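Subject: Structure handover

Hello,

Here is the structure I promised to pass on. Please open it first, then read my notes below.

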Amino acid sequence: MVLTIAMVSDFFYPNMGGVESHIFQVSQCLIERGHRVLVVTHAYGDRVGVRYMTNMLKVFYLPIMPFYNKSVLPTIVCSLPYLRHILLTEKVDLVHGHSAFSSLAHEALLVGTLLNLPTVFTDHSLFGFSDASAIVTNTFLKFSLANTSHTICVSHTGKENTVLRSSVVPERVSVIPNAVDSVAFRPPKVRRNIRSVVTVVLGSRLVYRKGVDLVVEVLPKICRKKFGGGRVRVDFIIAGDGPKRILFEEMIEKHGLQARVVMLGELQHSEMRDKLLAKGDIFLNTSLTEAFCMAIVEAASCGLSVVSTAVGGIPEVLPDQFIYFVQPSVGSIKAGLERAVEDVITGDRPDPWEGNCFVSSAFNWRNVAARTERVYETVCGKERQRLATRVRNMWEGGTVAGPIMAMLYLACHYFILLLDWCES
Amino acid sequence: MSNGKVPKWRKTLYEDNGYPDNYTPPECFLAAIEKNKNLLLYSLWECFSGAAEVGKEMSVVIIFWCCYKFLKTDLLKPETLLVTMLGLLVVGCTMFISRVRKVTFTGLLAGIKTIFLFTIIGFALSPVLYKLTDTISTDTIHSMALSSLLIHLLTSDYGMYAPIVSWQISLNAAVFSTVCLASRFDHHLSAFSLLCLSVFSFLLVPLSRPLLPSPILSSLLLASAALSLLSCISTPQLCLALLALATVQIACPVMFHRLQADKMTIHGPWDEAVIFTAPQ
């Protein structure tokens, strides 16, 4: 069955990130499988209008400016005519929205259900429950997913989180992990010989959420120690930028580690393998929360040992031979790093190409696209819901907010009828 | 089940168990969820004590307003007010020194010097003070004063941390209301005494918090004093004040205590990890 699929999200090229590469890669693999894919996103600077990317991937840059955090303002009436026009003229069979933080994706799901198209939503992140912003976001997500045909999450923890936040039936949530290009992220041709230096690398945004405060504490302690019977020392390479970078600079100054710790600054995704991962033996990840963590899979694909905090979806990603789990505390991270360094020195770890083979078979984009296609087939095969049922789903979403959203939904429905009449 | 044909479902992403993507065994789904972990529940006494702090500040504001009215209608002479405040200040200081914190002689001398300096400067500037907002109409003055007193109440420190708490804003708002009200007087001594009263009640009285044995008892005393003073001025204002104090000190803590039973917090592996700061 050949489908025309519209991928909608605020986050796409020229922005670089996990969601962006996910959309691009899955679209390319779906085109390879014979479907027709188009991407809808908002304008980036003066990149407005229709552009074509690799393999005739049509990208619509809608003339809406981003409002907050690279997302557009959720007005609904502003983007509804554009989305309706695109979905009808391109004869789209299915709407696929990405990322809970993208308001354009939610609006597209709304328009998709109003035009009685099957809709799929992919959630890429974990979210809390306790503060005010979380409560508001979760309520909107609940209404958004009330009429969505199917949801995809990137990990089992992500599925539990999404089900709790939006009260979706668990059978309507599939778990399809992200993937990594294991050809681009391959180990170096010449295997590094460990003589006197073991290199630990770190590549993330330097913010609180990534646990960099812990790294700043652990780093001097590890640098002071000698391993392998006193002949091996540990050096660090740190890539990334952010508000916490100054902590690293201060720590380097205080302990005089200029020769031992190299700060690379912000790196492009394409430079990550050559400038960072190919030079390291161990990858350190100290995130405090993570739904999937592509970085550790990229590191495993390049043949590095991974030391990571066991938070969020990380315990589900790699088997024990490729990863050392630690707790988010200075003592635990230090102990984990010491174990990893000793194993690197004694050679008691899998061959780098074994890691690459594992990642290429377990996490590849063609597999993700095939599983996503299965979801599409399930969804397209289901019977369409009547307008009354959809409005009812919205109405039952809450005691006060439910009726309001149901009326908003009906108002949008009449707006679409008006636009249909105007065009005829 | 491991009968050799169907592998057991495992919570991993890298292996194909043979199960469909949307399947999770009911016993594994949300298995790690914890509800109401580390829940902080307040007893009724704690609720009332907390509300009593707010009630005390409201009573102080009402007493301030009543003194202003009395000064205006000449029921209270400015000299009487100044002497009373001086007496209370001396009593408060001795109690503070004896019970809370020991002060050295040089510290005491420095304190007396500050008070003296403030009094002299305030007295010297009071003729300017009471002419400052002279041309503005009384209605505007009263509404400005009351809104700044409301801001003072909103930003006061009641013993709990919140983003809105800022003692700088609260003290400045209170002094601003004094400047507004002082302009309604005819004599500069009344203006000066009102200024002293405002500094006394909004800066020094909150400092006496550690002296008082029980917040509920002191709030009741202050509330009764405030309401009895207010009854001499006008009855509608008395009713409103009584209603406000009753809501804040009785209705709100009871409601808060009742609603605690509905508290539900969810914890699980998706939570952001808390960094352990154990000593190394």
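I start with a pair of helices. The axes of helix 4 (residues 132-146) and helix 5 (residues 156-166) of chain A come within 8 Å and cross at roughly 90°. Angles of 65 to 115 degrees count as roughly perpendicular, and helix 4 and helix 5 of chain A are therefore roughly perpendicular to each other. Helix 4 of chain A brings N138(A), L141(A), K142(A) and L145(A) to the contact. Helix 5 of chain A brings T162(A), R165(A) and S166(A). By class, this contact of helix 4 with helix 5 of chain A has 2 nonpolar, 3 polar and 2 charged residues.

A caution before going on: this is a predicted model.

**The sheet of 8 strands**

Chain A has an open sheet of 8 strands, in the order 3-4-2-1-5-6-7-8. Its pairing is mixed. Which strands stand at the edges? They are strand 3 (49-53) and strand 8 (173-175) of chain A. Each has a single partner strand, so one side of each is left without a neighbour in the sheet. Neighbouring strands of this sheet are turned by 25° against each other on average, direction ignored.

Look next at strand 1 (residues 4-8) and strand 2 (residues 36-42) of chain A. They pair in the parallel sense over 5 bridges. In strand 2 of chain A, L38(A) is the bridge partner of A6(A).

Two helices lie across strands named above. Helix 2 (residues 80-89) of chain A lies across strand 1, strand 2, strand 4 (57-62) and strand 5 (94-98). Helix 2 runs at about 160° to strand 4 of chain A. Helix 12 (residues 365-381) of chain A lies across strand 1, strand 5, strand 6 (119-123), strand 7 (150-153) and strand 8. Helix 12 runs at about 130° to strand 5 of chain A.

**The sheet of 6 strands**

Another open sheet in chain A has 6 strands, in the order 11-10-9-12-13-14. The pairing here is parallel. Strand 11 (261-265) and strand 14 (323-326) of chain A stand at the edges. Each has a single partner strand, so one side of each is left without a neighbour in the sheet. The twist averages 20° from one strand to the next.

Helix 6 of chain A packs on this sheet and touches strand 9, strand 10, strand 11 and strand 12. The direction of helix 6 makes about 150° with that of strand 10 of chain A. Helix 10 of chain A also packs on the sheet, touching strand 9, strand 10, strand 12, strand 13 and strand 14. The direction of helix 10 makes about 160° with that of strand 14 of chain A.

Strand 12 (residues 282-285) of chain A deserves a look. I282(A) and L284(A) point one way from strand 12, F283(A) and N285(A) the other way. Are these residues buried or exposed? All are buried. Strand 9 and strand 12 of chain A run parallel and are joined by 2 bridges. There, I282(A) is the bridge partner of V200(A). Strand 12 also pairs with strand 13 (residues 305-309) of chain A, in the parallel sense, over 4 bridges. Here V306(A) is the bridge partner of F283(A).

**Salt bridges**

How many salt bridges does the structure hold? Over all chains, 23. Here are some of them.

D351(A) and R191(A) meet through their side chains, 3.1 Å from N to O. D351(A) lies in the loop between helix 10 (330-346) and helix 11 (352-362) of chain A, and R191(A) in the loop between strand 8 and strand 9 (197-203), so the pair ties together parts that are 160 residues apart in sequence. D351(A) is partly exposed at 34% relative accessible area. R191(A) is also partly exposed, at 47%.

E338(A) and K225(A) form another salt bridge, 3.2 Å from N to O. E338(A) lies in helix 10 of chain A and K225(A) in the loop between helix 6 (212-224) and strand 10 (233-239), so this pair ties together parts that are 113 residues apart in sequence. E338(A) counts as buried at 16% relative accessibility. K225(A) counts as partly exposed at 33%.

R233(A) forms a salt bridge with D235(A), with the closest N and O atoms 3.1 Å apart. R233(A) is partly exposed at 29%, while D235(A) counts as buried at 11%. Elsewhere, R36(A), K58(A) and E90(A) are joined into one network by salt bridges that share partners.

Best wishes

How values were computed. Residues are numbered from 1 along each chain as its sequence is written. Chains are lettered from A and ligands numbered from 1 in the order in which they are written. This is a predicted model: local features need pLDDT of at least 70, side-chain atom pairs count only at pLDDT 80 or more; totals for chains, interfaces and linings use all residues. Side-chain values use heavy atoms; hydrogens and water are left out. Two strands pair if DSSP finds at least two bridges between them. Axes are lines fitted to C-alpha atoms, for helices over the stretch in contact, and angles run from 0 to 180 degrees between N-to-C directions. Contact means heavy atoms within 4.5 Å. Angles under 35 degrees count as roughly parallel, over 145 as roughly antiparallel, 65 to 115 as roughly perpendicular and the rest as oblique. Ala, Val, Leu, Ile, Met, Phe, Trp, Tyr, Cys and Pro count as nonpolar, Asp, Glu, Lys and Arg as charged, and the others, Gly among them, as polar. A salt bridge is a side-chain nitrogen of Lys or Arg within 4 Å of a carboxyl oxygen of Asp or Glu. Buried means under 20% relative accessible area, exposed over 50%, partly exposed in between (1.4 Å probe, protein chains only).
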